Amino acid sequence: MARGKKKEEINKKNPLHNEEEKEIQIDTGDKNTEIKDEEEVQKEENIVAEESLDKEEDSAEKRWLERILTHPIKVLEESGETETYVIKTVGEVIDTEQDIWYSPKKKKPIISDPGTKKLIEATGATFPKIIVIEKQSDATSRDREQVWIEATVLFPDGTTNEDYGIANRMNCPDPISGANLPIMARKRGMHRAFYRSGYIGLYELNDENEVLEARGEKEERQYKLLQEKLKQQELKNKKLVNQMCKEIKSSDGELVWKINDQSKLTQLAKGTSLVSYLALLKLRHLSKKEKANS
């Protein structure tokens, strides 16, 4: 008790001490609010930055895909014994939804293997010469395995183009491509020769066989698109079910969903029929409505 009295006396004698403590407490409170405000501002800035990046990527994707899909190529058309050449766009030959996509990591569009095959077939291009420069068996060890192929493409107008395809453990890291180095090197050489020719002129297009890591991006995008489609379909189904339920009538010919008499709905809710289930839903709906109003 004596100690408590002494503290009270000291505090009374030094009123400035108490005021300082109060000021300190207020100051720390202000600092905390300032920190919170700064954190909120930072979060908002991050969201804005992310949104701006998404917009930039979207606009870049549109520009790139438009440039590739509207690129003109000579397509070989056969009618009987005569062959004619028609100018078509890349978008008219390939499947624009499945055969091409934009990689945000590579900042360039990527074309699938089936898309490339469609373009090669449409243009009438052939590969008369494929030379193996380095075989897989030439490697001193498995880690150093590499296949190097030179491919020559021949176009219908007689022009040719050569390019190389290299496949090794470094640029084919996944098990499937790593187990098929000769096939990967062959595809890369043929597709490079085809796209990077003066006849085709798609120098900036990436073939999916060259950027294997971008396949994961495509799968992620397809998964997201599938989820969105499923959500849209779910919403459509719900609307359809709701519309159908509103048209269901009782044995008296009265629309069940239009009934607001709870005693009547309670009677209809007895049973296992669709009318009973709908009457039960309407009772729940009315109950929620009453709670919201109260």
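Let me start with Gly158, which sits in the loop between β6 (146–154) and β7 (160–168). Helices here are DSSP runs of H or I with at least four residues, strands are runs of E with at least two, and both are numbered from the N terminus. Gly158 has a relative accessible area of 48%, so it is partly exposed. The cut-offs are these: buried is under 20% relative accessible area, exposed is over 50%, and partly exposed is in between, with a 1.4 Å probe and protein chains only. Gly158 lies 33 residues from Ala125 in sequence, and their C-alpha atoms are 9.9 Å apart in space.

Before I go on, a word on the source. This is a predicted model, in which local features need pLDDT of at least 70 and side-chain atom pairs count only at pLDDT 80 or more, while totals for chains, interfaces and linings use all residues. Residues are numbered from 1 along each chain as its sequence is written, and side-chain values use heavy atoms, with hydrogens and water left out.

Now the overall picture. The protein has nine helices and eight strands. Of its 294 residues, 29% count as buried. Contact means heavy atoms within 4.5 Å. Among contacts with a separation of 6 or more, 50% are between residues 24 or more positions apart.

Back to strand β6, where we find Ile149. Is Ile149 buried or exposed? Its relative accessible area is 5%, so Ile149 is buried. Gly165 is 16 residues away along the chain, yet the two C-alpha atoms are separated by 5.2 Å. Setting aside neighbours within four places in sequence, the contacts of Ile149 include Ile130, Val132, Tyr164, Gly165, Pro182 and Ala185.

Ala185 takes us to helix α6, where it is one of the buried residues, along with others including Leu181, Met184, Phe194 and Tyr195. The expected span of a helix is 1.5 Å times one less than its number of residues. For the 15 residues of α6 that gives 21 Å, and the end C-alpha atoms are 21 Å apart, so the two agree.

Next, how α6 packs. Two packed helices are described by the angle between their axes and the distance between the axes. The axes of α4 (residues 113–123) and α6 (residues 181–195) come within 11 Å and cross at roughly 50°. Axes are lines fitted to C-alpha atoms, for helices over the stretch in contact, and angles run from 0 to 180 degrees between N-to-C directions. Under 35 degrees counts as roughly parallel, over 145 as roughly antiparallel, 65 to 115 as roughly perpendicular, and the rest as oblique. The pair α4 and α6 is therefore oblique.

The crossing of α4 and α6 is left-handed, meaning that the near helix is turned anticlockwise from the far one by less than a right angle; clockwise would be right-handed. Which residues of α4 and α6 meet? From α4 there are Asp113, Thr116, Leu119, Ile120 and Thr123, and from α6 there are Lys187, His191, Phe194 and Tyr195. The residues of this contact are four nonpolar, three polar and two charged. Ala, Val, Leu, Ile, Met, Phe, Trp, Tyr, Cys and Pro count as nonpolar, Asp, Glu, Lys and Arg as charged, and the others, Gly among them, as polar.

Asn206 lies in strand β8 (residues 206–207) and, at 17% relative accessibility, counts as buried. Lys106 is in the loop between β3 (100–103) and β4 (108–111) and, at 36%, counts as partly exposed. They are 100 residues apart along the chain, with their C-alpha atoms separated by 9.1 Å. Leaving aside neighbours within four places in sequence, Asn206 is in contact with residues including Lys106, Pro109 and Val211.
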